[in-house]
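Take a walk through this model, one region at a time.

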Amino acid sequence: MTIPWWRDAVVYEIYVRSFADASGDGVGDLAGIRERLPYLRDLGVDAVWLTPFYPSPMADGGYDVADYRGVDPLFGSLADFEALVADAHELGLRVLVDIVPNHSSSQHPWFQAALRGERRERYIFRDRTNNWQSTFGGPAWTQVADGQWYLHLFAPGQPDFNWREPEVHEEFLDILRFWLDRGVDGFRIDVAMGLYKAEDLPDLPAVDEQAFGAARSPVWGQPEVHEVYRSWRKLLDGYPGERMAVGEVWTDDPEDLARYVRPDELHQSFNFAWLQAPWSATAFRKVIDDTLATVPFATWVLSNHDVVRHRTRYETADPGTGLSRAKAALLAMLALPGSAYLYQGEELGLPEVKNLPPEARQDPVFFQSEGKLPGRDGCRVPLPWEASGPSHGFSPGGTRPWLPQPEEFGALSVQAQTGDPASTLEFYRAALACRREVVEDVPHAIEWLDSHEDALVFRRGSLVCALNCGTDAVRLPPHESVLLASGPLAGDALPPDTAAWLQAPPA
Ligand code: NOJ
């Protein structure tokens, strides 16, 4: 059996606004990404996923799309996109783009027509509202001039499409074709469980029953959505070269997650249970068992542009713990069967930036919660490429980036870490190189080995991975040699917050 490229791929998420700015306006762009592709090739990833770069009023950082077939001038042009894809392919990197089918921007021509009273059935307009809340805070309904209300599960500038309207299906198939024809290798599907709502839009018994992605909610995960992905799969399969789709599916039920990853539906779905698990061997083990028992093609993810960076999530009162755990979690993740999604900056060990001033914040979560929630800007601060300078090399010249970078970003920059064997960046490079060498040859299944209850120890053929989530050192399992460790080992002991890859002893 030939293994499709995406099954074990390491995919690097590029949050386009914050990766690299070539134009000098303080916002990342496609030309900036293109210049930095060799960095990604050298890091050792297989593919990149680009967050939305389409024309957008930026009510939600580009997840409010006004034209699904273009490039916002802020990010460049279609020609820049085509050049980026060509260069990436030349370097052996695949390219995934983000597709946003749950909602458009309120500036989209269809919504503008709906406001004029034309073809409102393409969105969800009603005379009366229900008690649903926006995921970002506040009511999920906004009233228009003639008194009707429209549904938006996110910002008011993101009206939800009505997927019960056939024209929406045709439109998205055409949009997918547009990007497939430009050579993209696949799609990341935004809010993939959101497209359909229960037909009668019932009130929720209590507002807190609308937990984002709850499997049994009238808001999310309606069965009709699977037909959409069946039709998308047919389209993808009709193109040469293993085009794929990964769904952003938030759900509290692994069986529900698995329904998106069927042979005639999506190829993959993000496995957020891994990211949501606390620092605990028992919790990690449960997620791994549940995932491998239900999902044929697993994925693993620790961070993305919507969550607090995992270095900060894992932080304790003891300084340094967060980074040690982040590196250990990476080794465990990269040893698991399936594909891993990295988020830009985690290879530098970037922390969440918690002290952004209110006037710098841009995330609608901050505004819709009336400042009660900090929002997601703290994980979106532009990357530091150089140790010094007004933008740490993010923008050319003296331009300041769209979100301010903290002082500590200098020491965490690519320049400061490159060549330092003790750095997080060189650790990521070593881990990804080692994974390429080892993982191709080991079985896809894992075998749990006996271990201390605070440790996670599993084997895949000749590779053994041990992770210590406890507070005391544990003994390393029998091994021939140590391939890589996330921190210093003490002889045969694996210290707390550390992971190691071991060459198994001969059978
Ligand atoms: C998920 C995206 O990752 C997030 O950034 C966005 O705000 C929502 N979907 C709405 O599109």
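A pocket is an open set of points on a 1 Å grid over the protein atoms alone, with protein on both sides within 12 Å along at least five of seven lines. A cavity is a set of points where a 1.4 Å probe fits but cannot get out. Lining residues have an atom within 4 Å of a point. Grid points are joined across faces, edges and corners, and a volume is the space filled by probe spheres set on the points.

This is a predicted model: local features need pLDDT of at least 70, side-chain atom pairs count only at pLDDT 80 or more, and totals for chains, interfaces and linings use all residues. Residues are numbered from 1 along each chain as its sequence is written, and side-chain values use heavy atoms, with hydrogens and water left out.

Start with the largest pocket. Its volume is about 660 Å³. The pocket is lined by 31 residues. Nearest its centre lie Phe 136, Asp 306, Val 307, Val 365 and Arg 376. By class, the lining of the largest pocket has 14 nonpolar, 7 polar and 10 charged residues. Here Ala, Val, Leu, Ile, Met, Phe, Trp, Tyr, Cys and Pro count as nonpolar, Asp, Glu, Lys and Arg as charged, and the others, Gly among them, as polar.

The whole structure holds 2 cavities of 30 Å³ or more. The largest cavity has a volume of about 50 Å³. Among the residues that line it are Ser 303, His 310, Glu 346 and Tyr 428. Its lining divides into 3 nonpolar, 3 polar and 3 charged residues. The second largest cavity has a volume of about 40 Å³. Its lining includes Arg 17, Met 58, Asp 363 and Arg 380. That lining has 3 nonpolar, 2 polar and 4 charged residues.

Next come the strands. Helices (H or I, at least four residues) and strands (E, at least two) are DSSP runs, numbered from the N terminus. Two strands pair if DSSP finds at least two bridges between them. Find strand 8, residues 244-247. Phe 187 has Ala 245 as its bridge partner. Strand 9 (residues 268-269) is also parallel to strand 8, joined by 2 bridges. There Gly 247 stands opposite Ser 269.

Which residues cover the two faces of strand 8? Met 244 and Val 246 lie on one side, Ala 245 and Gly 247 on the other, and all are buried (under 20% relative accessible area, 1.4 Å probe, protein chains only). In a regular strand the side chains alternate between the two faces of the sheet.

Elsewhere, an open sheet of 3 strands has the order 4-6-5, with antiparallel pairing. Its edge strands are strand 4 (125-126) and strand 5 (141-143), each pairing on one side only. Strand 5 is joined to strand 6 (residues 149-151) by 3 bridges. Gln 143 has Trp 149 as its bridge partner.

Finish at His 152, in the loop between strand 6 and helix 4 (166-181). His 152 counts as buried because its relative accessibility is 1%. Its side chain makes a polar contact with the side chain of Thr 142, at 2.8 Å. A polar contact is a pair of N or O atoms within 3.5 Å; within protein, one must be able to donate a hydrogen and the other to accept it, and residues adjacent in sequence count only if both atoms are side-chain atoms.

Notes. Buried < 20%, exposed > 50% of the residue type's maximum accessible area, 1.4 Å probe, protein only.
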